[in-house]
Amino acid sequence: MEKYSGLYKESTDATKQQERHYYLLSELQILVKDLPSWFQQRLSYTTLSDLAQALIDGTVYEIVQGLLDIQHLTEKNLYNQRQKLHTEHRVLKHDLIRKQKVALQTCKSHNLTVLKASQRAEIEGLEQRVKDEQRMMDEKIVAEMDQKVLDQQNTLEKAGVPGFYITTLPQEVTMQMNLLELILKLQQKESQSGILL
């Protein structure tokens, strides 16, 4: 008798999974309609069905939320680094201007032309340094964010989420962003309706 109750439990679990799959697939099909038409055309029924299958147990939601949290922390950290650099540059400019004003006030008139030329060169040198450091910081930020995208793609691919693989092709990255948007919208809808535990 116990043998049969185990079979019944497996059957009801499979039925519940199938019902959940159909529910998720139906919700994804509704959500897809809000996305750009080019995305809708590239998204096959099979991909949506596979995505629904991947979402059944909620693990992908947790992975996506974790990746989102990491991304937000990274963005905040990079923003703070850039702001710190900007503040340092402002202090350097302020200090240079203050130093130059003092030098002008104490300069003898016959050295004034030489001093002003020297100060112009100092200002130009500082402006070039600021420009170079800002460019390097911006390049660092772009490189770190590009690496985050690759890490996210790799994680989602390993988790078996359809449509995710490592790529730098803009159209494919946009496709993956739209898939993430679908996942996040569905997660939000489920959490608001109390379906997610």
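Which residues does Gln119 touch, not counting residues up to four places away in sequence? The first legend answers this, and the legends after it cover other close-up views. The model shown is predicted.

**View 1. Gln119 and its contacts.**
Gln119 sits in helix H5. The residues that Gln119 touches, apart from those up to four places away in sequence, are Gln100, Ala103 and Leu104. Gln119 is buried because its relative accessible area is 7%, under the 20% limit for that class.

**View 2. Gln153 in helix H5.**
Helix H5 spans residues 112-158, and Gln153 is found in it. With a relative accessible area of 2%, Gln153 is buried. A polar atom of the Gln153 side chain lies 3.0 Å from the backbone oxygen of Thr167. Thr167 is also among the residues that Gln153 touches when those up to four places away in sequence are not counted; the others are Phe164, Tyr165, Ile166, Val173 and Gln176.

**View 3. Phe164 in the loop between H5 and H6.**
Phe164 belongs to the loop that lies between H5 and helix H6 (170-193). Its relative accessible area is 6%, so Phe164 is buried. Setting aside neighbours within four places in sequence, Phe164 is in contact with Gln153, Leu156 and Glu157, and also with Gln176, Leu179 and Leu180. Gln176 is in contact with Phe164 and is touched by Gln153 as well. Cys107 is 57 residues from Phe164 in sequence, and the C-alpha atoms of these two residues are 66 Å apart in space.

**View 4. The aromatic pair Trp38 and Phe39.**
A pair of aromatic rings is described by the distance of the centres and the angle of the planes. One aromatic pair is found in a search of the whole structure. The pair is formed by Trp38 and Phe39, with 6.1 Å from centre to centre and 80° between the planes. The pair counts as edge-to-face, because an angle over 60 degrees is the limit for that class.

**View 5. The largest nonpolar core.**
This core has 26 residues. Phe39 is one of those with the most contacts inside the core, along with Leu28, Leu43, Leu55, Leu182 and Ile183. At least two residues of the core come from each of helix H1 (2-32), helix H3 (45-55), helix H4 (59-106) and H6. Ile183 is in contact with Leu51, Leu55, Val60, Tyr61, Val64 and Val161, leaving aside neighbours within four places in sequence.

**View 6. The largest pocket.**
The volume of the largest pocket is about 380 Å³. Its lining consists of 18 residues, and those nearest the pocket centre are Gln71, Val149, Gln152, Met177 and Leu180. H4, H5 and H6 are the elements that give two or more residues to this lining.

**View 7. The largest cavity.**
Rolling a probe the size of a water molecule over the atoms shows where empty space is left. In the whole structure, a search finds one cavity of 30 Å³ or more. The volume of the largest cavity is about 30 Å³. Lining the largest cavity are Arg82, Leu85 and His86, together with Gln134, Met137 and Asp138. H4 and H5 are the elements that give two or more residues to the lining.

Definitions and conventions: Residues are numbered from 1 along each chain as its sequence is written. This is a predicted model: local features need pLDDT of at least 70, side-chain atom pairs count only at pLDDT 80 or more; totals for chains, interfaces and linings use all residues. Side-chain values use heavy atoms; hydrogens and water are left out. Rings of Phe, Tyr and Trp (its six-membered ring) pair if their centres lie within 6.5 Å; planes under 30 degrees apart count as stacked, over 60 as edge-to-face and the rest as tilted. Helices (H or I, at least four residues) and strands (E, at least two) are DSSP runs, numbered from the N terminus. Buried means under 20% relative accessible area, exposed over 50%, partly exposed in between (1.4 Å probe, protein chains only). A polar contact is a pair of N or O atoms within 3.5 Å; within protein, one must be able to donate a hydrogen and the other to accept it, and residues adjacent in sequence count only if both atoms are side-chain atoms. Contact means heavy atoms within 4.5 Å. A nonpolar core is a set of buried Ala, Val, Leu, Ile, Met, Phe, Trp, Tyr and Cys residues joined through side-chain atoms within 4.5 Å. On a 1 Å grid over the protein atoms alone, a cavity is a set of points where a 1.4 Å probe fits but cannot get out, and a pocket is an open set with protein on both sides within 12 Å along at least five of seven lines; lining residues have an atom within 4 Å of a point. Grid points are joined across faces, edges and corners, and a volume is the space filled by probe spheres set on the points.
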